[in-house]
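Here are a few notes to read with the model open. They cover a helix pair and some charged side chains.

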Amino acid sequence: MATSTVGLSPSPLRSLTSSPSLPPRARIAPSLPFASRLKPRLALSPLPAARRRPAGTRRPRVSAALTSLSETEPVSVPADSGELAGRFPSASGVYAVYDGAGELQFVGISRNIAASIAGHRRSVPELCCSVKVGVVDEPDRVALTQAWKSWMEEHMTATGKVPPGNESGNTTWIRQPPKKKPDLRLTPGRHMQLTVPLEELIDRLVKENKVVAFIKGSRSAPMCGFSQRVIGILESEGVDYESVDVLDEEYNYGLRETLKKYSNWPTFPQVFVDGELVGGCDILTSMYEKGELSGLSKK
């Protein structure tokens, strides 16, 4: 896990089958959530492995809950990213993106449909004009993959071709995720004597950076659901932020208790903007749903 020390200033669906009309070597690459996308040429990104089911337990049937692609109504994508959360679900499922002419451009699967659509809206706004969404009720790896195959098979049977964004080697829709910034360290080590009080280091950090998130775990591997949610919101909004792992007892020793006193806030995560405490997961989620995070600095 990359880290850096803070530098402070002195101050049941059918399997996808071949069709005689399909190109013989067509390969299909599905998409994944905004924060965890596929590398080109990989069949599927690592979704969490499905738990082994006891003998005799039936696997969830996707077809009972998922509407076919042709029967699903498209929903227009708003220009304001703040309206996305109210128009598209944050649940897991499959989605199909259409351009302004109504042509299908891409079919993907996601653990957070709204966040994935927000990412496409920023990167390819001219191709992301409307979206069809199918929520999968029991979204294990197999169910999500089957849902994606179902919509892909239906489109390929009807048109005889793969959506442009799903073609092998495509880099317009499927891109390498940006390299994540390292989490910040407030001290050089647990056994090093500080020349500046920890509370003063916290004060400098939140005032010298636009957005700071104090979380449990790293931004690459959050250690609680609330921290994961906060990181997901900041990433989906393209916010340039700093992260600090409050569970790092080697380089952030004593941070949790000191930060509670500094902010007068008893729980984590804690998000600061322009030196002021905004709050935790619930408050940030509410701001996200109301579109109030659009004013934060962008990457």
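Before the points, one definition: a helix axis here is a line fitted to C-alpha atoms over the stretch in contact, and an angle between two axes runs from 0 to 180 degrees between N-to-C directions. Keep in mind that this is a predicted model.

1. Start with H5 and H7, the latter covering residues 281-289. Their axes come within 9 Å and cross at roughly 30°. Since angles under 35 degrees count as roughly parallel, H5 is therefore roughly parallel to H7. The crossing of these two helices is left-handed.

2. Which residues in H5 and H7 meet? From H5 you get Phe-226, Arg-229, Val-230, Ile-233, Leu-234 and Ser-236, and from H7 come Cys-281, Leu-284, Thr-285 and Tyr-288. Sorted by class, this contact has seven nonpolar residues, two polar and one charged.

3. Now for the charges. Side chains of opposite charge can pair when their charged atoms come close. The structure holds eight salt bridges, and I'll go through some of them.

4. Have a look at Lys-181, whose side chain meets that of Asp-240 in a salt bridge, 3.0 Å from N to O. The two sit in distant parts of the chain, 59 residues apart: Asp-240 is in the loop between helix H5 (225-236) and strand S8 (242-245), while Lys-181 is in the loop between helix H3 (141-159) and strand S6 (183-185). Asp-240 is partly exposed at a relative accessible area of 33%, and Lys-181 also counts as partly exposed, at 30%.

5. Lys-181 has another partner, Glu-242, in a salt bridge of 2.7 Å from N to O. Is Glu-242 buried or exposed? It is buried, because its relative accessible area is 14% and the cut-off for buried is under 20%.

6. One more pair to check is Asp-274 with Lys-210, a salt bridge at 3.1 Å from N to O. Here the partners are 64 residues apart, and again distant parts of the chain are linked. Asp-274 lies in the loop between strand S9 (270-273) and strand S10 (276-279), and Lys-210 in the loop between helix H4 (198-208) and strand S7 (211-215). Lys-210 counts as partly exposed, at 32% relative accessibility.

Methods. Residues numbered from 1 in each chain as written. Predicted model: local features only at pLDDT ≥ 70, side-chain atom pairs only at ≥ 80, totals over all residues. Heavy atoms only, no water. Salt bridge = Lys/Arg side-chain N within 4 Å of Asp/Glu carboxyl O. Helix = DSSP H or I, 4+ residues; strand = E, 2+ residues; numbered from the N terminus. Buried < 20%, exposed > 50% of the residue type's maximum accessible area, 1.4 Å probe, protein only. Parallel < 35°, antiparallel > 145°, perpendicular 65-115°, else oblique. Left-handed = near helix turned anticlockwise from the far one by under 90°. Contact = heavy atoms within 4.5 Å. Nonpolar A, V, L, I, M, F, W, Y, C, P; charged D, E, K, R; others polar.
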